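This report covers the pocket lining, a strand pairing and selected residues of the structure shown below.

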Amino acid sequence: MSIDTVFTHKMWNDHELSKMVDGGIPFPMLSDPGGKIGKLYGVYDEDLGLDVRGRFIIDPDGVIQAMEVLSPPVGRNVSEAIRQIQAFQHVRQSNGTEACPSGWKPGKPTLKPGEDLVGNVWNVWKVDNAFD
Amino acid sequence: MAVGCTKKPKANSEPEVKNQVENNQNLEKKEEVENMILVGRKAPDFETEAYHNGKFINLKLSNYLGKWVLLCFYPADFTFV
């Protein structure tokens with residue numbers, strides 16, 4: 001989503017993005033005229049007149065589970081966004097009985113919060129796990 | 001006497017006005033906190049135009065209830081993500 005019109009989105013997709021991604025962008029490109037939606041989400045910069053790089057993970061109940069906001073000159077890490085979605089999906093499937101600690105990705109061990117874990121995280125989670 | 005009578009209520013009414021202004025400011029602050037974007041809170045619903053699969057469509061966030069949504073804002077077309 002950006003403050004551009006759908007006409008500009010069409011030009012960008014059809015003339016540039018489709019040269020990088022086969023068939024063009026597979027998801028909807030949303031238009032936010034005047035930054036009205038950006039203001040709702042706290043990512044509209046009045047001075048620039050633009051929506052800055054805000055990213056929100058919204059669960060099936062419509063609840064925000066994660067957010068990240070960058071200023072314009074630095075781009076995002078898409079793998080990290082996907083990792084976070086996978087982690088929130090895992091927690092949801094476990095009905096909150098499991099937690100995904102730092103550095104978790106599918107295949108890595110989760111934690112089971114409870115009395116037994118207090119003071120024992122060091123036994124089941126190592127610092128190396130925080131990194132890829 | 002007359003002056004005293006007019007002055008007295010004026011002096012009393014001033015703090016009342018001040019309190020009212022403060023209350024209004026507190027109300028505004030309370031509203032701001034309630035509308036704040038936070039994890040664990042509902043994502044504000046919106047409806048807008050979008051370009052998708054070669055067509056201009058109308059899109060409403062609440063139509064995606066039941067699915068995971070990644071909502072991404074970026075400064076402008078022809079920039080990176």
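The lining of the largest pocket draws at least two residues from each of four elements: helix H1 (6-20), strand E1 (29-30) and helix H3 (78-93) of chain A, and strand E3 (69-72) of chain B. Helices (H or I, at least four residues) and strands (E, at least two) are DSSP runs numbered from the N terminus. The model is predicted, with local features needing pLDDT of at least 70 and side-chain atom pairs counted only at pLDDT 80 or more, while totals for chains, interfaces and linings use all residues. Residues are numbered from 1 along each chain as its sequence is written, chains are lettered from A and ligands numbered from 1 in the order in which they are written, and side-chain values use heavy atoms, leaving out hydrogens and water.

The largest pocket is lined by 29 residues, and A:Phe27, A:Pro28, B:Leu70, B:Leu71 and B:Cys72 lie nearest its centre. A pocket here is an open set of points on a 1 Å grid over the protein atoms alone, where a 1.4 Å probe fits, with protein on both sides within 12 Å along at least five of seven lines; lining residues have an atom within 4 Å of a point. Its volume is about 830 Å³, taken as the space filled by probe spheres set on the points. By class, the lining divides into 25 nonpolar residues, one polar and three charged. Ala, Val, Leu, Ile, Met, Phe, Trp, Tyr, Cys and Pro count as nonpolar, Asp, Glu, Lys and Arg as charged, and the others, Gly among them, as polar. The largest pocket lies between domain 1 (1-51) and domain 2 (72-132) of chain A, because both give residues to its lining; the domain bounds come from an automatic or database assignment.

In chain B, strand E1 (residues 47-52) and strand E2 (residues 55-60) pair in the antiparallel sense over six bridges, where pairing requires at least two DSSP bridges. B:Ala50 stands opposite B:Ile57 in E2(B). E1(B) and E2(B) form a hairpin with two residues between them, and B:Asn53 sits in the turn.

B:Asn53 has a positive phi of about 50 degrees although it is not a glycine. A:Asn95, also not a glycine, has a positive phi of about 55 degrees and is found in the loop between H3 and helix H4 (121-124) of chain A.

Accessibility is classed as buried (under 20% relative accessible area), exposed (over 50%) or partly exposed in between, with a 1.4 Å probe and protein chains only.

| Residue | Relative accessible area | Class |
|---|---|---|
| A:Asn95 | 71% | exposed |
| B:Asn53 | 61% | exposed |
| B:Cys72 | 24% | partly exposed |
| A:Cys100 | 21% | partly exposed |

A search of the whole structure finds zero disulfides (pairs of cysteine sulfur atoms within 2.5 Å) over all chains.
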